Amino acid sequence: MNLVTVLVLFTVSLSFLTTVSHGFVSQRAVLQRLSGSNKYLTTDELWFNQTLDHYSPYDHRRFEQRYYEYLDHFRAPDGPIFLKICGESSCSGIANDYLSVLAKKFGAAVVALEHRYYGKSVPFDSLTTENLRYLSSKQALFDLAVFRHHYQEILSYKLNRTNVENPWFFFGVSYAGALSAWFRLKFPHLTCGSLASSAVVLAVYNFTDFDRQIGESAGPECKAALKETTHLVEERLASNKKAVKTLFGSDELEIDGDFLYFLADAAVMAFQYGNPDVLCTPLVQANKAGEDLVDAYAKYVKEYYLGSAGAKVETYNQKHLKATSITEDSSDRLWWFQACTEVAYFQVAPSNDSIRSSKIDTRYHLDLCKNVFGVDIHPQVDVTNVYYGATKVAASKVVFTNGSQDPWRHASKKISTPDMPSYLISCHNCGHGTDLRGCPQSPFNLEGNAQNCSSPEAVQKVRQQMIKHIDFWLSECQAGGRSYK
């Protein structure tokens, strides 16, 4: 029996001894659904007994937090450990994206920790507003730190070592990318470096740049068609709202703002995940032919967004968001809580030249927060930005990457500094997390294959820079003989 096999068996057995298992809005869940179980390196669940409140010396409650490990490429005993941070959705395993290529190159073990409250890592039996008070990025960062210590102890024990640590490197995409950068800021002694892919480190109250980027990514013809479609939908809402909602298969959305947000998000999906042509080509053709744009857009929404992409209308229904029972779709409510308390990212319509309806404004978002959570809450955007530093985050050894067509890049760190390089991957379909996922991201590409990107060389160029930084920062850790007593 080789060492890797021993480690797997040991970790599994230890998890059973110490724990007991329990059985950005639609855009985040969609990518989860695009990744079938055969697209994972592993889906074998492990469990860790996590502290509920890291800020209280008196509260000793704990909950079971799910994690995964993949040791096939691990170069024992001194190989690095790559921690893949799971973000704001259920974490069903370690995806077979470009991180698996990096793990093989560096001889790394890969571990992934599910974010508290999401998936199966739920501390309570219900998701009432009161029970959500421990859901925050700050608590999540401590989760990562405590878990890192726990996993390193397991590894060191089996390798018969004391006071010696493997070099760690953190990875994350989107909100998890922000956590990756923030972890390096708050716990620099616990990781050699971080990759912050499409990392939304800037909390934004009114995120008008989001919609402006959609217009820029769409190009003049598609943008014009999308704007006209929104105008026509608003007219039909005024005259016969039941008919237009039925056309889009969204009768359940009684609040007009929810319906209009749903339509705006459907367009975002195409650009964010590197599939602009699936939306723009039929819409522009319909516009040129004088065909009904609303019908053309409804076809795209039903066939692609609700069809192959797997989005759900209920995600936008405030009645659904108010539900406190724990289901596979609870991440909708959970992320809105984080948005309504910490980061906002309110995707509101710009004052002019907007693609989305002007009815999706600040008031819509604040009313949603109050209606869904039953209290008059406001996102503490300024507090969040002061705490982490926003785009001036004062960390070190963090690689920031963004796709040129991704609207979220305007909440990321775009200016390179010597110790925190930032790279923009530019191509027609370079979207959210392109460096790790490739493009387009529906269907999900094994090992983040970049060949479907309109400019594969642009992706490879940035990946080579990532490798260079990871290699250098890991070597600095190893040369320093990092150890802790």
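This report walks through the disulfides of the structure above.

The model is predicted: local features need pLDDT of at least 70, side-chain atom pairs count only at pLDDT 80 or more, and totals for chains, interfaces and linings use all residues. Residues are numbered from 1 along each chain as its sequence is written, and side-chain values use heavy atoms, with hydrogens and water left out.

Searching the whole structure turns up 6 disulfides, a disulfide being a pair of cysteine sulfur atoms within 2.5 Å. With the bonded cysteines of the protein chain numbered in sequence order, they pair as 1-2, 3-12, 4-5, 6-7, 8-9, 10-11.

| Disulfide | S to S distance |
|---|---|
| Cys222 and Cys280 | 2.1 Å |
| Cys427 and Cys430 | 1.9 Å |
| Cys439 and Cys453 | 2.0 Å |

Let's start with Cys222 and Cys280. The torsion about their S-S bond is about -80 degrees, so this disulfide is left-handed. Cys222 sits in helix α6 (residues 208-247) and Cys280 in helix α8 (residues 276-288), so the bond ties together parts 58 residues apart in sequence. Helices here are DSSP runs (H or I, at least four residues), numbered from the N terminus. Cys222 is buried at 2% relative accessibility, and Cys280 is buried at 9%; buried means under 20% relative accessible area, with a 1.4 Å probe and protein chains only.

For Cys427 and Cys430, the S-S torsion is about 105 degrees, so that disulfide is right-handed. Both of these cysteines, Cys427 and Cys430, are buried.

Cys439 and Cys453 are both buried.

Methods: Helix = DSSP H or I, 4+ residues; strand = E, 2+ residues; numbered from the N terminus. Buried < 20%, exposed > 50% of the residue type's maximum accessible area, 1.4 Å probe, protein only.
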